[in-house]
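These are my notebook entries on a single chain. I begin with the sequence and the coordinates.

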Amino acid sequence: MRTLACLLAVGALLPLSGCMPKDKAVGDTQETPEAIAHDGVDRHDIGVGFVGSASPGNAKRNSAVLRSMRANDMQPFYAAANTDAGSQRKSVEGFVQRNVKVIVISVDDPSGWQDALDDARRAGIPVVLLESSITPDDRTLYAARFHIVAQGSTPKGGAYGIDDALMTVIDDKPHAKDMNVMLTGTLE
């Protein structure tokens, strides 16, 4: 009877191992469109963990990103940035515990992020680097890097609204590793 209980317990844990795709970033596993369309998570159910930049010059950008997410029916949770990179990494750990659908990171100190990004990956939460100086050697630690472009511009490769870009990552649809995004409204 104990053997059966142990086998059932092990069998119940096996699906959890699927959270971390082999040799791919979470949210960046699709190389071709799916043959069958699926219904992803509704936008108003999307919890987005956002670790903002510590640079005072980026305060307007942080606010604009949050406004754009809210305007597009997403639920951002903001981790106020400060000059302590350790607290910013703890914010990522907090978002993993909160089980958000995606974590967006826009921080300035590029060192020491391996463990925090690895925690998010193991939890099956895609990470997006937004105008961030973080450049992990292991590209499986982040799904995409977003570059903010001016609204109405036509950059090479096109541009997504930030909400559409996040949904593409969350729904694990094919996308470039570097994506241009536009914010709703302005950076004022």
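I call a residue buried under 20% relative accessible area, exposed over 50% and partly exposed in between, with a 1.4 Å probe and protein chains only as cover. The model is predicted, so I keep its limits in view: local features need pLDDT of at least 70, side-chain atom pairs count only at pLDDT 80 or more, and totals for chains, interfaces and linings use all residues. Residues are numbered from 1 along each chain as its sequence is written, and side-chain values use heavy atoms, with hydrogens and water left out.

**Entry 1. The chain as a whole**

I took helices (H or I, at least four residues) and strands (E, at least two) as DSSP runs, numbered from the N terminus. The chain holds five helices and seven strands. From the N terminus on, I read their order as α-β-α-β-α-β-α-β-β-β-α-β.

I then looked up burial and found that 41% of the 188 residues are buried. For the surface I used the Shrake-Rupley method with a 1.4 Å probe; for residues, only the protein chains shown count as cover. The chain exposes about 10,200 Å², of which carbon and sulfur atoms supply 53%.

For contacts I required heavy atoms within 4.5 Å. Among those between residues at least 6 apart in sequence, 69% join residues at least 24 apart.

**Entry 2. Helix H2**

Helix H2 covers residues 59-71, which is 13 residues. I took the expected span of a helix as 1.5 Å times one less than its number of residues. H2 reaches 18 Å from its first C-alpha to its last, close to the 18 Å expected.

Which residues of H2 are buried? I noted Arg-61, Asn-62, Ala-64, Val-65, Leu-66, Ser-68 and Met-69. Their cover includes strands S1 (47-51), S2 (75-79), S3 (102-105), S4 (127-130) and S5 (144-148), together with helix H5 (162-170). Just after H2, Asp-73 takes a positive phi of about 70°.

I next turned to H5 and found it mostly covered, with eight of its nine residues buried. These are Ile-162, Asp-163, Ala-165, Leu-166, Met-167, Thr-168, Val-169 and Ile-170.

Most residues other than glycine have a negative phi. Asp-172 counts as buried because its relative accessibility is 16%.

**Entry 3. Helices H3 and H4**

I fitted axes as lines to C-alpha atoms, for helices over the stretch in contact, with angles from 0 to 180 degrees between N-to-C directions. The axes of H3 (residues 85-98) and H4 (residues 114-122) come within 9 Å and cross at roughly 10°. H3 is therefore roughly parallel to H4. The classes I used are roughly parallel under 35 degrees, roughly antiparallel over 145, roughly perpendicular from 65 to 115, and oblique for the rest.

On the H3 side the contact is made by Arg-89, Val-92, Glu-93 and Val-96, and on the H4 side by Ala-116, Asp-119 and Ala-120. By class, I recorded four nonpolar, no polar and three charged residues. Here Ala, Val, Leu, Ile, Met, Phe, Trp, Tyr, Cys and Pro count as nonpolar, Asp, Glu, Lys and Arg as charged, and the others, Gly among them, as polar.

Is Asn-99 buried or exposed? Asn-99 is exposed, because its relative accessible area is 52%. I located Asn-99 in the loop between H3 and S3, and its phi is positive, about 60°, although it is not a glycine.

Lys-101 lies in the loop between H3 and S3 and counts as partly exposed at 35% relative accessibility. Its C-alpha is separated by 9.8 Å from that of Asp-171, 70 residues apart along the chain.

Gly-124, in the loop between H4 and S4, is partly exposed at 27%. Gly-124 and Val-96 are 28 residues apart in sequence and 9.1 Å apart, C-alpha to C-alpha.

Val-107 lies in the loop between S3 and H4. I list it as buried because its relative accessible area is 0%. Leaving out residues up to four places away in sequence, Val-107 touches Val-51, Gly-52, Ser-53, Gln-88, Trp-113, Ser-132, Ser-133 and Ile-134. The C-alpha atoms of Val-107 and Ile-134 are separated by 7.4 Å, at 27 residues apart along the chain.
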